[in-house]
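These are my notebook entries on one structure. I set down what I looked up, entry by entry.

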Amino acid sequence: MNYLSPSMLSIDFGNVENSIKRVVSAGTDYIHVDVMDGLFVPNISFGPPVISYVKKAAGDTILDVHLMIHKPERYVDVFKEVGADILTIHYESTDDVKGTIRLIKDAGMAVGVALKPATPVSVLEDIIDELDMVLVMSVEPGFGGQSFIEESYERIREARRLVDARNPECNIEVDGGIGLDNLKRVLDAGANVIVAGSAIFKNDIEKNIADFKRIMDEV
Ligand code: DX5
Ligand code: ZN
């Protein structure tokens with residue numbers, strides 16, 4: 001099953017409530033929420049109070065929260081409280097990946113682990129059994145609107161082989177530089193959760209979602 005997760009990093013922040021409601025009524029599966037602390041990545045986005053507001057506008061739609069913050073173990077309970085359903089941490093952001101995975105599960109959320117483009121996919125071998133989602137970054141985390149890194153296709157295939165062999169229920173999410181031009185290749189490589197920011201929030205949100213979903217439902 002494929003899931004679309006529009007990234008609200010590219011939302012019109014003057015119209016957050018209305019834009020979230022449009023994405024939800026256009027039939028999105030998830031809403032992707034990028035949290036950046038200016039330390040793990042060279043950009044600052046928004047934090048928990050904004051997420052509770054998004055949760056209210058999103059109703060039952062799953063909040064897919066991507067933490068790009070240093071030592072995320074400090075904030076697991078806070079993100080649970082404001083309504084995260086899936087909480088994804090970066091492998092590179094903590095000395096205690098396994099402990100943080102455990103904290104997230106104990107708090108009752110689905111857990112994901114994200115890899116920056118330079119982190120070998122093989123680091124997942126040790127933790128794959130515990131995961132609900134693997135996030136393969138196809139740009140350097142930090143900013144929307146960058147170009148998809150070509151080497152990511154091979155990394156997605158590698159993640160797919162590992163997931164199929166060890167934990168077939170685990171989702172594979174890909175984030176960064178995805179548009180209608182490369183969506184099919186990303187799906188064919190083995191991704192089943194698609195993040196897109198600029199490609200969804202630019203111009204006509206309803207049409208963009210329909211175009212994405214058409215390709216995603218074909219595969
Ligand atoms: C980048 C973020 C992405 C970003 C994707 O660090 O994790 O979610 O918003 O934006 P696009 O789809 O514009 O590359
Ligand atoms: Zn993201």
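I counted as donors the N, O and S atoms within 2.8 Å of the metal (3.2 Å for Na, K and Ca); water is not among the atoms, so sites may look incomplete. I worked on a predicted model, in which local features need pLDDT of at least 70 and side-chain atom pairs count only at pLDDT 80 or more, while totals for chains, interfaces and linings use all residues. Residues are numbered from 1 along each chain as its sequence is written, chains are lettered from A and ligands numbered from 1 in the order in which they are written, and side-chain values use heavy atoms, with hydrogens and water left out.

**Entry 1. The metal site**

I looked up the spacing of the donor residues of the zinc ion (ligand 2) and found the pattern H-x1-D-x31-H-x108-D. The residues behind this pattern are H32, through NE2, D34, through OD, H66, through ND1, and D175, through OD, and they coordinate the zinc ion (ligand 2) at 2.0 to 2.3 Å.

I then turned to the geometry. The zinc ion (ligand 2) has six donor atoms with angles of 67 to 170° among them, and its site is octahedral. For that label, six donors must have opposite donors over 155 degrees apart and all others between 65 and 115.

Which strands hold D34 and D175? D34 lies in strand β2 (residues 30-36) and D175 in strand β7 (residues 171-175), so the pair ties together parts that are 141 residues apart in sequence. I took helices (H or I, at least four residues) and strands (E, at least two) as DSSP runs, numbered from the N terminus.

D34 is buried at 4% relative accessibility, and D175 is buried at 9%.

**Entry 2. The chain as a whole**

I recorded eight helices and eight strands in the protein chain. Its radius of gyration is 16 Å, close to the 17 Å that the globule rule gives for 219 residues, so the chain is as compact as a globular protein of that length. The radius is taken over C-alpha atoms, and the rule is 2.2 Å times the number of residues to the power 0.38. The C-alpha trace spans about 40 × 35 × 30 Å along its principal axes.

Of the 219 residues in the protein chain, 54% are buried. I next looked at contacts, meaning heavy atoms within 4.5 Å. Among those between residues at least 6 apart in sequence, 65% join residues at least 24 apart.

**Entry 3. D29**

I located D29 in the loop between α1 (16-25) and β2. Is D29 buried or exposed? D29 is buried, with a relative accessible area of 18%.

For polar contacts I required a pair of N or O atoms within 3.5 Å; within protein, one must be able to donate a hydrogen and the other to accept it, and residues adjacent in sequence count only if both atoms are side-chain atoms. The side chain of D29 reaches the backbone nitrogen of L4 at 2.7 Å, and a polar contact of 2.8 Å joins the side chains of D29 and K213. Not counting residues up to four places away in sequence, D29 touches N2, Y3, L4, T61, I62 and K213.

**Entry 4. E17**

I found E17 in helix α1, partly exposed at 36% relative accessibility. Its side chain makes a polar contact of 3.5 Å with the side chain of Y53.

**Entry 5. C170**

I placed C170 in the loop between α5 (152-166) and β7. C170 is buried, with a relative accessible area of 3%. Leaving aside neighbours within four places in sequence, C170 is in contact with I128, L131, D132, M133, V134 and V163.

**Entry 6. Positive phi**

Most residues other than glycine have a negative phi. I noted K71, not a glycine, with a positive phi of about 50°. K71 is found in the loop between β3 (62-68) and α3 (76-81) and is partly exposed at 29% relative accessibility. I noted N203 as well, where phi is positive and near 60°. N203 sits in the loop between α7 (198-201) and α8 (205-218) and is exposed at 74% relative accessibility.

Methods. Four donors count as tetrahedral if all angles lie between 85 and 135 degrees; four count as square planar and six as octahedral if opposite donors are over 155 degrees apart and all others between 65 and 115; anything else is irregular. Buried means under 20% relative accessible area, exposed over 50%, partly exposed in between (1.4 Å probe, protein chains only).
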